[in-house]
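This report describes one protein model in terms of its contacts, its core and its backbone geometry. The sequence and structure come first.

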Amino acid sequence: MPDNAEKTPEHTTLPLGLVSVNQGAVEVVGHPPTPTRKSILDLRGLWWPDWLRQHWLDRGASLAGITEPTVSQVLYSLVIANKPPYGLPDVPYVVVETGVRFGATACWLALAVNAIDGRYIGIEVERVMVDGVNKLFAKHGLDKRAKVVCGRAPDAVTGMFEQTSVDMFFVDDDHRGPHVKREIEKFWPLLKPGGLMAFHDVVGDFPVWELVKDLGGIKLVHRPFNVFGQPPFGGLGVAQKPMG
Ligand SMILES: C[S@@+](CC[C@H](N)C(=O)[O-])C[C@H]1O[C@@H](n2cnc3c(N)ncnc32)[C@H](O)[C@@H]1O
């Protein structure tokens, strides 16, 4: 049982009245809160550092297009599980995220590469997000191995990475079909053999899952968000580049 599990507050109502925490289960309610418009995200048993959990809650939890913490934690685990000797010794594990926003996943990935001496590069088009997340990295000592750059994916990767040099992409920017197709075309050659291309929002209105399926990928869905009676969205798709 991680240290911070004991400290999880009961019935903490945060500013705006948007989110309350009851023994680790986060309740996302309408604004103004109404009993009929709410969804429960059960985070009991999920380990995360206090500062990161607070950052996620402060940013309005699921309400602003932020990745579910369970998805971020699966990505974190995939990075940790691939630490040397499973990767190439002496070659850092490189993770690239497109679409960083408030850094909900970026922080998890930064923690992961920090643990295995890898590298995280986030690509985000909004300067204010770029600066905010880089500040957060610096505040928590993660800026040696992790940084966010301002750019528009997929073109921003041109000249940034060599062919077969990236271990994992987490694609979470613009989910429209033609854009995601271009990202796959551009990113796939940059992946190392055996590398992973992960996609957020394989559940929802976007055609992401069809594209992941075409790559031979799998769909991992913990419990897609269903906020305010909208159709569920979220989830994680992962495809692996063949080794040969
Ligand atoms: C769904 S949010 C990302 C959520 C984030 N991955 C997380 O873990 O919470 C999408 C982000 O992608 C950014 N974005 C949209 N189009 C982009 C593009 N072509 N290149 C880079 N970032 C983009 C938006 O500014 C926004 O911050």
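## Contacts, core and backbone of the model

T67 touches S72, A104, T105, D172 and H200, not counting residues up to four places away in sequence. Two residues are in contact if their C-beta atoms, placed from the backbone, lie within 7 Å. The model is predicted: local features need pLDDT of at least 70, side-chain atom pairs count only at pLDDT 80 or more, and totals for chains, interfaces and linings use all residues. Residues are numbered from 1 along each chain as its sequence is written.

T67 sits in the loop between α1 (50-58) and α2 (69-81). Helices (H or I, at least four residues) and strands (E, at least two) are DSSP runs, numbered from the N terminus. T67 counts as buried because 25 C-beta neighbours lie inside 10 Å. A residue is buried if 20 or more other C-beta atoms lie within 10 Å of its own, exposed if 12 or fewer, and partly exposed in between, with C-beta atoms placed from the backbone. I66 is also placed in the loop between α1 and α2. I66 has 20 other C-beta atoms within 10 Å and is therefore buried.

| Pair | Separation in sequence | C-alpha to C-alpha distance |
|---|---|---|
| T67 and A104 | 37 residues | 6.5 Å |
| I66 and T105 | 39 residues | 8.3 Å |

For the protein as a whole, the secondary structure comes to six helices and eleven strands. Of its 244 residues, 39% count as buried. Among contacts with a separation of 6 or more, 65% are between residues 24 or more positions apart.

The largest nonpolar core has 54 residues, and V95, L109, A110, F169 and A198 touch the most other members. Helix α3 (residues 104-116) supplies the largest share of this core, nine residues. A nonpolar core is a set of buried Ala, Val, Leu, Ile, Met, Phe, Trp, Tyr and Cys residues joined through C-beta atoms within 7 Å. Leaving aside neighbours within four places in sequence, F169 is in contact with V96, F187, L191, M197 and A198.

Most residues other than glycine have a negative phi, and most peptide bonds are trans. R101 is not a glycine, yet has a positive phi of about 50 degrees. R101 lies in the loop between β5 (94-98) and α3, and is buried because 21 C-beta neighbours are inside 10 Å. D201, likewise not a glycine, has a positive phi of about 65 degrees. D201 belongs to strand β9 (residues 191-203) and is buried, with 22 other C-beta atoms within 10 Å. A cis peptide bond, with omega about 5 degrees, joins A153 and P154. P154 is in the loop between β7 (146-150) and β8 (166-171).

How confident is the prediction, in terms of mean pLDDT? The mean pLDDT of the protein is 80, and 73% of the residues reach 70 or more. In residues 1-20 the pLDDT is below 50, and this stretch has 31 contacts in the model beyond near neighbours in sequence. The pLDDT is also below 50 over residues 29-40, a stretch with 22 contacts beyond near neighbours in sequence. pLDDT is the predictor's confidence in each residue, from 0 to 100.
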